[in-house]
Amino acid sequence: MSSPRIVLASTSPSRLHILRSAGIEPITVAPNVDEDAVITALPDASPVRIVEELAQAKAHAASPAYPNDIVIGGDSMLLLDGQLQGKPHTEEKTIERWHQQSGRTAELITGHCVVTPKGEHLEVAITSLDFAEVPEEDIRAYAATGEPLKCAGAFTLEALGGWFVDGINGDSSSVIGLSLPVVRRALYRYGYSVSQFWNR
């Protein structure tokens with residue numbers, strides 16, 4: 001039997017960039033998951049549990065087609081004032097989000113579900129973020145670029161949004177969308193090395 005491949009159950013350019021930068025060229029699959037339905041089905045769940053469930057749903061949507069491979073599902077949401085913040089989707093919502101989080105500290109919760117032929121690993125990475133005080137001109141200009149509209153927390157660390165993050169306490173790769181330490185732990189747990197997947 002051939003060695004397993006890495007399958008990324010996500011169409012996120014940021015998650016793909018992380019794996020490529022780390023030496024892995026994954027198969028990418030768009031998971032068919034109704035995220036709103038998953039969240040609605042968990043009315044009393046903790047923020048961590050909600051993000052776990054979303055990551056698991058994405059991995060499970062893709063894994064049946066890749067039973068001999070390693071499937072990674074992930075989801076990220078920002079926790080601010082006890083409320084989970086997903087993707088803003090519109091300029092208006094992005095501006096509203098930045099009015100709320102400018103000059104504040106929040107937590108980015110990134111859930112991971114790694115399904116392997118030997119078992120499943122579920123883990124959440126929580127990273128604290130210090131957002132800068134951002135003037136209205138830059139908030140509106142950033143929203144107008146379209147970059148933050150499809151990003152959890154209405155920002156990207158690795159692109160224009162990096163201007164507006166003053167500090168990070170935790171795993172920076174999880175803020176971009178996928179924690180390399182979490183994936184490493186999942187691989188080690190089931191007897192795989194990291195290097196066996198490099199440049200494959």
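Q: How many residues does the largest nonpolar core have, and which have the most contacts inside it?
A: A nonpolar core is a set of buried Ala, Val, Leu, Ile, Met, Phe, Trp, Tyr and Cys residues joined through side-chain atoms within 4.5 Å; buried means under 20% relative accessible area, exposed over 50%, partly exposed in between, with a 1.4 Å probe and protein chains only. In soluble globular proteins, nonpolar side chains tend to be buried together. In this predicted model, local features need pLDDT of at least 70 and side-chain atom pairs pLDDT 80 or more, while totals for chains, interfaces and linings use all residues. Residues are numbered from 1 along each chain as its sequence is written, and side-chain values use heavy atoms, without hydrogens or water. Here the largest core has 19 residues, and Trp98, Leu129, Phe131 and Phe155 have the most contacts inside it.

Q: Which elements give two or more residues to this core?
A: Helices (H or I, at least four residues) and strands (E, at least two) are DSSP runs, numbered from the N terminus. The contributors are β3, α4 (91-101), β5 (105-116), β6 (119-131) and α5 (136-145). Of these, α5 gives the most, with 3 residues.

Q: What is tryptophan 98 in contact with, beyond its neighbours within four places in sequence?
A: Contact means heavy atoms within 4.5 Å. On that basis Trp98 touches Phe131, Val134, Ile139, Tyr142, Ala154, Phe155 and Phe164. A second, separate core has 16 residues, including Ile6, Ile72, Tyr190 and Phe197.

Q: What volume does the largest pocket have?
A: On a 1 Å grid over the protein atoms alone, a pocket is an open set of points where a 1.4 Å probe fits, with protein on both sides within 12 Å along at least five of seven lines; lining residues have an atom within 4 Å of a point. Points are joined across faces, edges and corners, and the volume is the space filled by probe spheres set on them. The largest pocket has about 590 Å³. It is lined by 26 residues, with Ser12, Arg15, Lys87, Lys150 and Cys151 closest to its centre. α1 gives the most to this lining, with 3 residues.

Q: Where is the centre of the second largest pocket, judged by the closest residues?
A: That pocket holds about 200 Å³ of space. Among its 13 lining residues, Glu35, Asp36, Ile39, Lys87 and His89 are the closest to the centre. α2 (35-40) and β3 each give two or more residues to the lining.
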